[in-house]
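Have a look at the model first, then read on.

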Amino acid sequence: MSNFPKLNLRVAKILTSMSSMRSPVKVRQVGDPVLRNIAKPVDKDYIQTSEFKKLTDTMVKTMRTSKGVGIAAPQIGESLQVFAMEFPEKNLHALRKRGIKEEILQAMELSAFPLKIFINPEFQVVDSTVTEFPEGCVSIPGFKGIVPRYRAVELQATDVDGKEISWKVYGWPARIIQHEIDHLNGTLYIDKMKPETFENLYWKLNA
Ligand SMILES: [Zn+2]
């Protein structure tokens, strides 16, 4: 079903530039049991406490430092159902500036979105078309693999103000949502990837 070998190579290059070998040690790495736990739901009363604010601030800071596009609380050692995601417009501009063609951005359905933090998230599949593109993870830095994901989902969650929200989304952000919610269920992309596509992002550089 996959479809675009050349395209996937280009996407891998994009992922290489998005991910980082310089992940801070704060990011829990594959093998840490916390990444395999089912995260606990966040108590409503806890959401607006300073302690919770500190947790989400740390998540956002860690996501940005490690150049991730998403991060789940277990990745900083907190087994709670919270994740953050962010893909600012400037990242899209940077990809275009580096000569990534519009057709590739379109094939990936790559779109920018501001910082979002979701608490106790769930999703329904809105478009069950399966798309296959490479993914990386700051808990498994330096690698990627092609992961089948649903094209579109509708996310329901609580936001940091304690409000119930929903977000119907397709393509790139829908893929990130599925990746992050997997983290909350103790699942990593390597469990769902096509194993033969697992690759060290840097081996070609050292060849
Ligand atoms: Zn991840």
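Is α5 mostly covered or mostly uncovered? Mostly covered: 12 of the 13 residues in α5 are buried. Keep in mind that this is a predicted model, with 33% of the 207 residues in the protein chain counting as buried.

**Overall layout**
- The protein chain has seven helices and six strands.
- Reading from the N terminus, the elements go α-α-β-β-α-α-β-β-β-α-α-β-α.
- Take the contacts in the protein chain with a separation of 6 or more: 75% of them come from residues 24 or more positions apart.

**Helix α5 (residues 172-184)**
- The buried residues of α5 include Trp172, Pro173, Arg175, Gln178, His179, Glu180 and His183, along with Ile176, Ile177 and Ile181.
- Among the elements covering those buried residues are the strands β1 (70-72), β2 (82-87), β3 (113-135), β4 (143-158) and β5 (164-170), plus the helix α6 (189-192).
- The length of α5 checks out, because 13 residues at 1.5 Å a residue should span 18 Å and the end C-alpha atoms sit 19 Å apart.
- After α5 comes Gly186, with a positive phi near 75°.

**Helix α2 (residues 50-65)**
- The 16 residues of α2 reach 22 Å from first C-alpha to last, close to the 22 Å expected at 1.5 Å a residue.
- Lys67 follows α2, and its phi is positive too, near 55°.

Note on methods
Residues are numbered from 1 along each chain as its sequence is written. This is a predicted model: local features need pLDDT of at least 70, side-chain atom pairs count only at pLDDT 80 or more; totals for chains, interfaces and linings use all residues. Helices (H or I, at least four residues) and strands (E, at least two) are DSSP runs, numbered from the N terminus. The expected span of a helix is 1.5 Å times one less than its number of residues. A residue is buried if 20 or more other C-beta atoms lie within 10 Å of its own, exposed if 12 or fewer, and partly exposed in between; C-beta atoms are placed from the backbone. Two residues are in contact if their C-beta atoms, placed from the backbone, lie within 7 Å.
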